[in-house]
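Subject: Structure handover

Hello,

Here is the structure I promised to pass on. Please open it first, then read the notes below it.

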Amino acid sequence: SFSEHVKPMDADAMAKVVRTWKLVEMDLDTHAAKFFLKLFELDPKVKNLFSFKAESGDGESGPLMRKHAVNVLSMIGNAAQGKHDIMRMKKDLTALGERHKNYGVMIEHFPVMQKALILSLEEELGPYFTPDVKEAWEQAFHNVSFFLINSLKGQQ
């Protein structure tokens, strides 16, 4: 299953995520916008989860949505490459999952979110996004989402 357990990342996989995250950070706004646009393209219903979009008339590329996209991508990237021990982030990620449960986020959203992340990274990083880098990012996303998913399930 998608959320079976945390998979420890070896030093080589972590280095690949760290190296490519540095490239993403150089133009975080663009990467984040493309990530969310890819997410909305893959699953248009996801847009309905964003209450601030309707309240402010903020479209999928408006300032509030772009800010949220940057926050989401930053959280994924920093968690994926910033902490060698994902278990140290358990409390924060579990709390984040609890908040998102109230927004209507469901476990089924995570595979499409991972696909959107991988496709947008592949498009933006081009030749730097090798099969090994893809595998490292998939593992990193899995580990980040593990605690979010478990909190959606009501598990700690």
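One definition to start: rings of Phe, Tyr and Trp (its six-membered ring) pair if their centres lie within 6.5 Å, and planes under 30 degrees apart count as stacked, over 60 as edge-to-face and the rest as tilted. By that rule, ring pairs link F35, F36 and F40 into a cluster.

Two notes on how to read the values. This is a predicted model, where local features need pLDDT of at least 70, side-chain atom pairs count only at pLDDT 80 or more, and totals for chains, interfaces and linings use all residues. Residues are numbered from 1 along each chain as its sequence is written, and side-chain values use heavy atoms, with hydrogens and water left out.

Overall layout

The protein chain has 7 helices and 0 strands. Helices (H or I, at least four residues) and strands (E, at least two) are DSSP runs, numbered from the N terminus. Of the 156 residues in the protein chain, 47% are buried. Buried means under 20% relative accessible area, exposed over 50%, and partly exposed in between (1.4 Å probe, protein chains only). Contact means heavy atoms within 4.5 Å. Among contacts in the protein chain with a separation of 6 or more, 80% join residues 24 or more positions apart.

Aromatic pairs

The structure holds 4 aromatic pairs. One of them is W21 with W137: the ring centres are 6.3 Å apart and the planes sit at 50°, so this pair is tilted. W21 lies in helix α1 (residues 11-25) and W137 in helix α7 (residues 131-152), so the pair ties together parts that are 116 residues apart in sequence. Both W21 and W137 are buried.

F36 and F40 form another pair. Their ring centres are 5.7 Å apart with planes at 75°, so the pair is edge-to-face. Both lie in helix α2 (residues 28-42), 4 residues apart, about one turn of the helix. F36 is buried at a relative accessible area of 3%. F40 is buried too, with a value of 3%.

The α1/α7 packing

Two packed helices are described by the angle between their axes and the distance between the axes. The axes of α1 and α7 come within 9 Å and cross at roughly 95°. These axes are lines fitted to C-alpha atoms, for helices over the stretch in contact, with angles running from 0 to 180 degrees between N-to-C directions. The two helices are therefore roughly perpendicular to each other. Angles under 35 degrees count as roughly parallel, over 145 as roughly antiparallel, 65 to 115 as roughly perpendicular and the rest as oblique. On the α1 side, the contact is made by A13, K16, V17, R19, T20 and W21. On the α7 side, D132, V133, A136, W137, Q139 and A140 make it.

Nonpolar cores

A nonpolar core is a set of buried Ala, Val, Leu, Ile, Met, Phe, Trp, Tyr and Cys residues joined through side-chain atoms within 4.5 Å. The largest has 41 residues, of which F35, F36, L73, I76, L117 and W137 touch the most other members. α1, α2, α4 (63-82), α6 (109-125) and α7 each supply at least two residues of this core. Leaving aside neighbours within four places in sequence, L117 is in contact with F35, L73, I76, W137 and F141. A second, separate core of 7 residues includes V6, M89, V144 and F146.

Around L96

L96 lies in helix α5 (residues 90-102). L96 is buried, at a relative accessible area of 16%. Not counting residues up to four places away in sequence, L96 touches M75 and L148. L96 and L148 are 52 residues apart in sequence and 6.6 Å apart in space, C-alpha to C-alpha.

Best regards
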